[in-house]
Amino acid sequence: RDDDDINDVASMAGVNLNEESARIMATNSDLVGTQMHSCKDEPFLAAIPLHKRILETAKKLGITDVPAEVVTFISHATQSRLRTVIEKVTVITQHRMESYKDDEWYEQATDVRSQLKFFEQLERLEKQRKDEQEREILLKAAKSRSRQEDPEQARLKQKAKEMQQQELAQMRQRDANLTALAAIGPRKKRKLDAPGLLTIGGEGVGVCGGSQAGLGTASPRQYPRQKITRVNLRDFIFYMEQEREMSHSLLLYRALLK
C-alpha cells in the first residue's frame, strides 16, 4: 500500500480524479452524446451550370447519370488547379521583376538600354548628315543663276527659299525665348520641406513649435504602399512552356499567336 501511494502522482498532488471527472461531465453535459459535424462544403464553381456541362460531356461517352458528389469533386479540383497556376505564375512574375543591379554577387554583362541609345544616336547623326547634304544641294540650287531653268531647278529653289524662311523663324523664336527668360530672371523654388511651415489651400502658414494647438508638424504622413504583382501574357506563356501537360497544347499555340 505504501508503494502504491508513492507511485500515485495524482494523490501526491492532492487531486481527486473522481471529483474532477464529475466536474467535467457536469460542465460539458450539453455536449455529451452529441455528434459534431464540419462546416458546410461550399463549391468553388456554380453547381447547376457545371452539372449541365458535365452531363453534356458524359452523354457523348454513353453516361446518363452523374451524381452530385462528382460535381463537387470537379469543383474542388478546379479550385486547387487554379490556385496552383496562380502561385506558379506569381513566382515567375516576381522573378522577372526582381532586380540584380545592386547585388554584389552579380555582374552586368550587357546593357540593352545603352545599346539602344547608341543606335538611336547613330540614326540621329545619320539623319543630321543627310539633312546637311540636302541643305547644301538646295543652297547651290538657290545660288545658281542659269537663264534656262527646268521645273526641277525651280522646285529646288522654292524649297530652298522655304527652308531659309523656316530657319529664320526658328532663330527669331529662339531669340525671343532667351529674351523672355532673361527678363523673368532665375526662378526660385519654394521650400516646402522647411520645418514649421504648413500648407493649407495653397498658402504657406508658419507654425511655432509647440505653441499652437491643433496644428501639427509639416512632415507628411507616410502610408505604406501595397505591392501589386501584375502578371502579363509573357509570364503565362513561360509557365505553359514549362508545364508538361501544356507545353504542346493548343492553348499555348493560340497564346503565341497573340
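1. Asp-131 is partly exposed at 38% relative accessibility, where buried means under 20% relative accessible area, exposed over 50% and partly exposed in between (1.4 Å probe, protein chains only). Its side chain forms a salt bridge with that of Lys-127 at 3.4 Å, N to O; the term requires a side-chain nitrogen of Lys or Arg within 4 Å of a carboxyl oxygen of Asp or Glu. Lys-127 is exposed, at 53%.

2. The model is predicted: local features need pLDDT of at least 70, side-chain atom pairs count only at pLDDT 80 or more, and totals for chains, interfaces and linings use all residues. Residues are numbered from 1 along each chain as its sequence is written, and side-chain values use heavy atoms, leaving out hydrogens and water.

3. Helix α6 (residues 112-143) also holds Glu-126 and Arg-129, three residues apart. Their side chains meet in a salt bridge of 2.3 Å, N to O. Glu-126 is partly exposed at 32%, as is Arg-129 at 40%.

4. The count of salt bridges is four. One of them joins Asp-235 and Arg-96 at 2.9 Å, N to O. This pair links helix α8 to helix α5 across 139 residues. Asp-235 is buried at 3%, whereas Arg-96 is partly exposed at 33%.

5. Leaving aside neighbours within four places in sequence, Ile-92 is in contact (heavy atoms within 4.5 Å) with Asp-235, Phe-238 and Tyr-239.

How values were computed
Helix = DSSP H or I, 4+ residues; strand = E, 2+ residues; numbered from the N terminus.
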